[in-house]
Amino acid sequence: MATHAMEGTHAHVHEGHGHDHAHKETFWTKYIFSQDHKTIAKQFLLTGFTAGFIGILLSAIFRLQLAFPDKSFPFLETILGKWAPEGRLDPNFYMALVTMHGTILVFWLLTGGLSGTFANLLIPLQIGARDMASPFLNMLSFHFFFWGTVVLFASFFVETGPAAAGWTVYPPLSALPQAMPGSGLGMILWIVALVLFVVGVLMGGLNYITTVLNMRTQGMSLFRMPLVVWALFTVAVLGLLSFPPAVAAFILLLFDHSLGTSFYLSDIYIAGQALPQQGGNVLLYLHLFWFLGHPEVYIVLLPALGITSELITAHARKPIFGYRIMVLSILGIAFVSFIVWAHHIFVSGMNPLLGSIFTATTLLVAIPSAMKIFNYIFTLWKGRIHLTTPMLFAIGTVSFFISGGLTGFFLGVAPLDIPLHNTYFVVGHFHLVMGVSAVFAMFGGTYHWFPRLWGRMMNERLGYIHFWLTFIGANLVFFPMYYMGFGGVPRRYYAFTEFSFTSQWQNLNVFITVAALITIAAQFIFIYNFFHSMFWGKPAPRNPWKATTLEWSSPVKHLHGNWPGKLPVVHRWPYDYSKPGAPADFIPQYISDEDIARGVRWWEEDFEPLTVIDRAEPEEGEKQAASPEPKPAPAFSPNAKPEEGSSPS
Amino acid sequence: MWGRALGATASQSRMKLLPYLCGYMERMRWLSVLGLGGTVWAQIGAAAKARATELALEAAEKSAAFDWTGLLWKLVWIETLLIVFLAFRLIQLVVQYTGYDPFARWDRDKVNMRLWMAVGLGGLFLALWSTFKYAPLYLPEAASRHGVLIDGLRNGIISFTYPAFILVHLMLFYMIWRYYNGRVRAAVYQETHHKLEWASLIAISIPVVAIAIAGIYIWSLPVHGQKPEAGQKTVEIEVVAEQFQWRVRYPGADGKLGRYHYTLIGGENVLGLDFTDPKAQDDLLPAAKEIHLPVNALVTIHVRSKDVLHSLFLPHFRTHIYAVPGQKNQVMLVPTITTKEMRRKLGKPDFDYELACNQLCGGAHYNMRMKVVVESWEEYQAWLAQQKPAYQPAQPSTLTQARLSNLNL
């Protein structure tokens with residue numbers, strides 16, 4: 001079997017490398033050009049979080065403008081210079097801030113940061129692989145992501161400022177430098193950054209798919225994978241199918257911008273001049289962009305929900321409710337996400353018939369999404385809920401997903417989209433359902449897997465303070481936006497002073513800004529906790545949460561190849577929590593029924609999983625002879641049954 | 001008291017304070033350099049400020065003297081942050097030394113459970129209360145025929161989603177309250193429950209189907225299939241968007257809008273009308289930034305853009321369509337409430353319908369306002385009679401010809 005042959009090579013390579021430390025690791029090979037998936041996960045986490053915090057700080061500036069449109073803030077001139085003359089934010093730079101905030105958070109934090117971190121960390125460790133299928137490609141993936149980040153932030157220092165046409169960069173605004181300053185060099189840099197980013201995402205995605213399909217350890221059938229691996233795998237497929245059309249759209253946009261083509265441009269008279277381009281249409285861009293744009297929502301959301309599944313089961317000590325339905329929901333959401341994109345452009349003037357079709361497909365998404373929510377709640381039902389920091393964040397994700405998801409019923413229906421399109425209702429909706437919801441999953445995942453990343457625990461109490469301030473704050477920021485949406489307040493407005501139906505919301509805007517500033521300030525607690533724990537945190541035991549999945553069986557101290565001896569063999573599904581008759585409230589996946597019968601005490605603090613793992617895997621020569629699955633003992637059989645044919649070869 | 005909370009760990013608390021503090025000061029000496037330097041710098045700054053004032057007085061024309069006050073303020077900020085940080089760390093060390101931790105006996109699960117109850121239930125109540133509190137600021141009742149149906153659909157969806165929002169959250173909070181680690185000491189092993197799964201599936205599918213049918217019906221017929229009723233007047237107007245204003249064109253006596261081409265834009269001809277077309281010659285371009293619409297007539301608005309994407313957003317009429325350069329979009333509505341009537345209904349004598357741009361179009365996007373007036377047919381006709389036609393015979397048509405040839409199309 002190919003899988004086993006690969007394991008063999010990896011084990012061999014590993015013995016040559018990490019175990020004996022036969023070759024020297026310099027700073028460069030260890031931290032910068034690392035090909036180790038755990039280091040790459042850290043690189044993605046740090047880059048993503050750094051970019052994300054900058055993105056969130058940008059929102060502090062434009063929230064100030066929205067709350068106090070008539071006040072002057074001299075410190076803005078200090079930090080922004082000509083973009084805030086006399087402390088008053090320039091309208092064009094306001095748009096640049098909004099654009100960069102959206103770009104950074106959607107792509108850099110919640111796509112690159114979230115998937116990059118947790119796919120790299122969890123896929124090999126949870127499926128029992130030594131590393132990614134191609135560690136070199138994996139390294140390249142991060143470096144493309146990183147240089148994309150550099151280019152994106154470099155655009156802040158361009159004279160005409162960064163891209164400012166909104167994170168969707170609709171032409172002709174983004175294609176014509178004379179339409180706004182941000183559409184000059186800043187726009188080119190935005191496209192370059194995005195292309196670098198997508199190349200990185202695709203390299204990562206290829207690796208994730210290949211690794212999940214080919215490198216699962218013995219016994220790890222597809223339906224024994226943790227849900228987070230299912231989610232990350234599905235997301236990699238989604239990204240592979242949806243990012244290339246977006247790159248095509250961006251490249252055509254670049255042609256229109258710089259080479260005088262007319263893919264999107266037609267009949268334009270701007271700055272006292274009629275442009276020669278004719279025959280193009282913006283609607284082409286809208287369709288191409290949202291063909292990525294909508295799957296992108298699920299590229300953000302599915303890993304977040306996958307992480308939530310892991311956190312809820314591990315901290316409620318109960319198997320996930322309806323595992324197969326959860327897997328089907330992930331696949332269902334992924335499929336439907338490809339046929340709903342036009343609900344973003346109901347009122348663009350496309351054929352109204354499309355509006356009807358996309359209304360129907362959009363509402364379909366509600367079914368698998370709601371099933372997931374119900375299953376999370378039923379998982380808590382009759383559980384034993386430990387309200388640790390990761391659990392708090394996981395419950396927060398579920399709560400935000402409810403608050404934000406239900407309003408999708410309004411926006412997904414074409415006629416209701418007429419009054420609500422591009423209003424603050426939309427802003428509130430997507431911030432709750434895929435913004436803070438995914439950010440909370442990312443925080444929860446970071447608190448949960450921090451011991452796996454850095455071998456230390458994060459401080460729990462700071463975690464509680466961080467959670468409660470952020471949870472309350474984020475609700476106070478985004479929930480009132482629904483009210484503004486019912487008032488018809490348009491988004492992307494520099495000030496609400498010019499219209500009578502918008503200016504009456506001024507008090508609420510002040511409230512939202514104050515809540516936002518407090519919430520942003522609370523994130524510094526997390527930053528402190530993160531870096532303090534990284535160096536001085538309490539040393540973590542091997543399995544601090546008493547979880548069942550494989551990542552907690554490899555040694556705390558990172559080593560190349562993840563397991564010093566043999567790879568673990570999987571004997572059961574990932575959610576054997578509180579199994580009746582079992583001697584502990586969790587049974588790790590690598591514990592076989594023979595191990596239980598033999599009296600292996602895996603729940604004890606000083607238990608060494610390698611004593612089980614090294615015995616379990618057959619030797620190189622024995623592999624052909626050994627049966628692929630150990631026979632389960634009847635006492636604990638329900639999920640330990642061998643799944644024939646589902647193991648890849 | 002905040003020591004543990006601020007990140008102190010048990011292993012560190014065993015250390016003796018003084019040696020640790022010395023080591024800490026040693027590690028953090030760069031900070032003191034910064035602090036000391038800052039203080040010295042502030043002193044120098046204060047001294048120099050007086051001198052600078054003198055200099056500024058001497059050279060009065062050089063008004064842009066160095067902003068010493070600003071620098072001082074920045075230093076004050078830096079010093080404050082430093083003091084906060086050092087105080088924070090000092091408290092932590094003292095708590096480690098004394099070993100007193102007021103939170104040591106707190107039950108993590110119980111405290112967090114109670115917080116969930118307080119924040120969760122309080123939050124639901126706050127959401128419900130503020131939904132009603134802000135109701136007076138929501139858009140008033142729809143002022144168009146199809147808008148009433150859209151509002152009905154909105155209310156229908158609210159009557160499903162709001163109870164669902166509260167009920168599902170209550171389920172979530174109940175689980176936390178009932179099954180937190182403290183009330184229960186063991187979880188029940190449960191992989192799935194088929195009846196519950198089916199019930200969930202049905203519970204979500206019914207509203208999905210109902211909303212889809214209602215939505216598709218309203219979208220297809222009342223919104224996009226509007227036809228004049230017997231005896232109903234029809235009006236066609238054109239609204240043109242550009243950075244950063246709206247222009248509106250009314251047909252003349254013939255009731256038809258004439259041809260245009262974007263290359264003809266220039267000089268007086270702001271909309272690029274083709275005056276060789278007789279239908280264009282009598283078109284009216286109102287000078288005032290207002291759109292006038294007759295009540296109860298079927299109005300077709302042709303929407304186009306001269307430069308970038310804009311969006312015609314008439315929130316009170318539940319009407320919204322992009323203005324796309326190079327594409328002729330149109331939207332139909334029947335205004336049902338005149339401006340005067342709406343003012344009376346709302347009790348706001350200064351109320352006006354407004355047209356806003358709702359697709360980002362540049363720096364002054366937030367300021368693309370136009371007043372919309374809905375009035376009786378007679379008032380509308382009277383207003384229309386005062387407007388001037390777009391065609392100015394004095395205008396040399398050769399100019400536009402020259403423009404066309406310059407483009408080398």
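Start at the join between the two chains: about 10,500 Å² is buried between chain B and chain A, with carbon and sulfur atoms giving 69%. Buried area here is the accessible area (1.4 Å probe) that two parts lose on being put together, summed over both.

A word on the model. It is predicted, so to speak of local features pLDDT must be at least 70, and side-chain atom pairs count only at pLDDT 80 or more, while totals for chains, interfaces and linings use all residues. Residues are numbered from 1 along each chain as written, chains are lettered from A, and side-chain values use heavy atoms, without hydrogens and water.

**Stop 1: the interface**

Select the 117 residues of chain B in contact with 128 residues of chain A; contact means heavy atoms within 4.5 Å. Look for salt bridges between the chains and the count is zero (side-chain nitrogen of Lys or Arg within 4 Å of a carboxyl oxygen of Asp or Glu). Polar contacts are there: 37 residue pairs, both at pLDDT 80 or more. Each is a pair of N or O atoms within 3.5 Å; within protein, one must be able to donate a hydrogen and the other to accept it, and residues adjacent in sequence count only if both atoms are side-chain atoms.

Now colour H6(B), which gives the most to the side of chain B that touches chain A, with 17 residues. Helices (H or I, at least four residues) are DSSP runs, numbered from the N terminus. That side of chain B has 66 nonpolar, 35 polar and 16 charged residues. Ala, Val, Leu, Ile, Met, Phe, Trp, Tyr, Cys and Pro count as nonpolar, Asp, Glu, Lys and Arg as charged, and the others, Gly among them, as polar.

**Stop 2: the largest cavity**

A cavity is a set of points on a 1 Å grid over the protein atoms alone where a 1.4 Å probe fits but cannot get out; lining residues have an atom within 4 Å of a point. Grid points are joined across faces, edges and corners, and a volume is the space filled by probe spheres set on the points.

The largest cavity has about 800 Å³. Centre on A:Ser59, A:His101, A:Leu105, A:His431 and A:Phe478, the nearest to its centre among 38 lining residues. Then show H16(A), which gives the most to this lining, with 10 residues. The lining has 26 nonpolar, nine polar and three charged residues.

**Stop 3: the second largest cavity**

This one has about 160 Å³. H7(A) supplies the largest share of its lining, six residues. The lining divides into nine nonpolar, nine polar and no charged residues.

Definitions and conventions: Helices (H or I, at least four residues) and strands (E, at least two) are DSSP runs, numbered from the N terminus. On a 1 Å grid over the protein atoms alone, a cavity is a set of points where a 1.4 Å probe fits but cannot get out, and a pocket is an open set with protein on both sides within 12 Å along at least five of seven lines; lining residues have an atom within 4 Å of a point.
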